[in-house]
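Dear colleague,

Please find below the structure that I am handing over to you, together with its sequence. My findings follow it, and I would be grateful if you read them with the structure open.

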Amino acid sequence: YYYYLLETKADILYNHSYTKEAEKFYKISLSKNLENNYIRKRLFELQYNKLKFEDIDSANQIFLNYQDLIFIFSDNLIFFKKWKKILNSLKKDHWTMFVDAKIDLLNKNNKNAIGKFQRILSLSNDKILTKQCTIILNTIDNE
């Protein structure tokens, strides 16, 4: 229960623009529950806001630490636009196409999304990305 209080304190600090302090409390809370994707998304946001896009190492570190959130938070257009900016800076074209397809799905443009997911499947060797494309295509087919 103590860690939920830390998370709540971090949220209050974050909402009042005390981001450095909030980040400390989020990290403490996350250390006790590594599966808390809400906190990980907040940490992504904090790191994104500090990111200099020409700093490829930092952008890549954000990608490595938080790429799985792209698959977890699938209904947030602003979140995807932030990812698109990071992925473009890293020249991760298939990942950018995946995010574009997710944006298409949010905009109810399933036909474009399906084409992008199929293109990724035919061009990419990234097992994580191709697995997610397959899952999404199977979900769309079953709707």
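What percentage of the 143 residues in the protein do buried residues make up? Buried residues account for 41% of them. Please keep in mind throughout that this is a predicted model.

**Overall form**

The protein contains nine helices and zero strands. The C-alpha atoms fill a box of roughly 45 × 35 × 25 Å, taken along the principal axes.

**The nonpolar core**

The largest nonpolar core has 38 residues. Within this core, F44, I70, W83, I86, F98 and F117 touch the most other members. Helix α7, which covers residues 93–106, supplies the largest share of the core, namely six residues.

Leaving aside residues up to four places away in sequence, I70 touches F79, F80, W83, L87, W95, F98, V99 and K102. Two of these partners, W83 and F98, are also on the list of core residues that touch the most other members.

**Helices α7 and α8**

The crossing in which α7 passes α8 is left-handed.

On the α7 side, the residues of this contact are H94, M97, F98, D100, A101, K102, D104 and L105. They meet N110, N112, A113, K116, F117, R119, I120 and L123 of α8. By class, the contact has eight nonpolar, three polar and five charged residues. F98 and F117, which both take part in this contact, also belong to the core residues that touch the most other members.

**Helices α2 and α3**

Helix α2 (residues 19–32) and helix α3 (residues 37–50) have axes that come within 10 Å and cross at roughly 145°. This crossing is left-handed.

From α2, the residues T19, E23, Y26, K27, S29 and L30 take part. Their counterparts in α3 are Y38, I39, R40, R42, L43, L46, Q47 and K50. The contact divides into six nonpolar, three polar and five charged residues.

**Individual residues**

Is T96 buried or exposed? T96 is found in helix α7. Its relative accessible area is 8%, and since buried means under 20%, T96 is buried. Not counting residues up to four places away in sequence, T96 touches K84, L87 and N88.

The loop between α6 (77–89) and α7 holds K91, and L90 lies in that loop as well.

From C-alpha to C-alpha, L90 is 29 Å from T139 in space, and the two are 49 residues apart in sequence. K91 and L34 are 57 residues apart in sequence, with 29 Å between their C-alpha atoms.

K91 also has a backbone feature to note: its phi is near 55°, a positive value in a residue other than glycine. K108 has a positive phi too, near 65°, and is likewise a residue other than glycine. K108 is placed in the loop between α7 and α8. At 72% relative accessibility, K108 counts as exposed.

With kind regards

Conventions: Residues are numbered from 1 along each chain as its sequence is written. This is a predicted model: local features need pLDDT of at least 70, side-chain atom pairs count only at pLDDT 80 or more; totals for chains, interfaces and linings use all residues. Side-chain values use heavy atoms; hydrogens and water are left out. A nonpolar core is a set of buried Ala, Val, Leu, Ile, Met, Phe, Trp, Tyr and Cys residues joined through side-chain atoms within 4.5 Å. Buried means under 20% relative accessible area, exposed over 50%, partly exposed in between (1.4 Å probe, protein chains only). Helices (H or I, at least four residues) and strands (E, at least two) are DSSP runs, numbered from the N terminus. Contact means heavy atoms within 4.5 Å. A crossing is left-handed if the near helix is turned anticlockwise from the far one by less than a right angle, and right-handed if clockwise. Ala, Val, Leu, Ile, Met, Phe, Trp, Tyr, Cys and Pro count as nonpolar, Asp, Glu, Lys and Arg as charged, and the others, Gly among them, as polar. Axes are lines fitted to C-alpha atoms, for helices over the stretch in contact, and angles run from 0 to 180 degrees between N-to-C directions.
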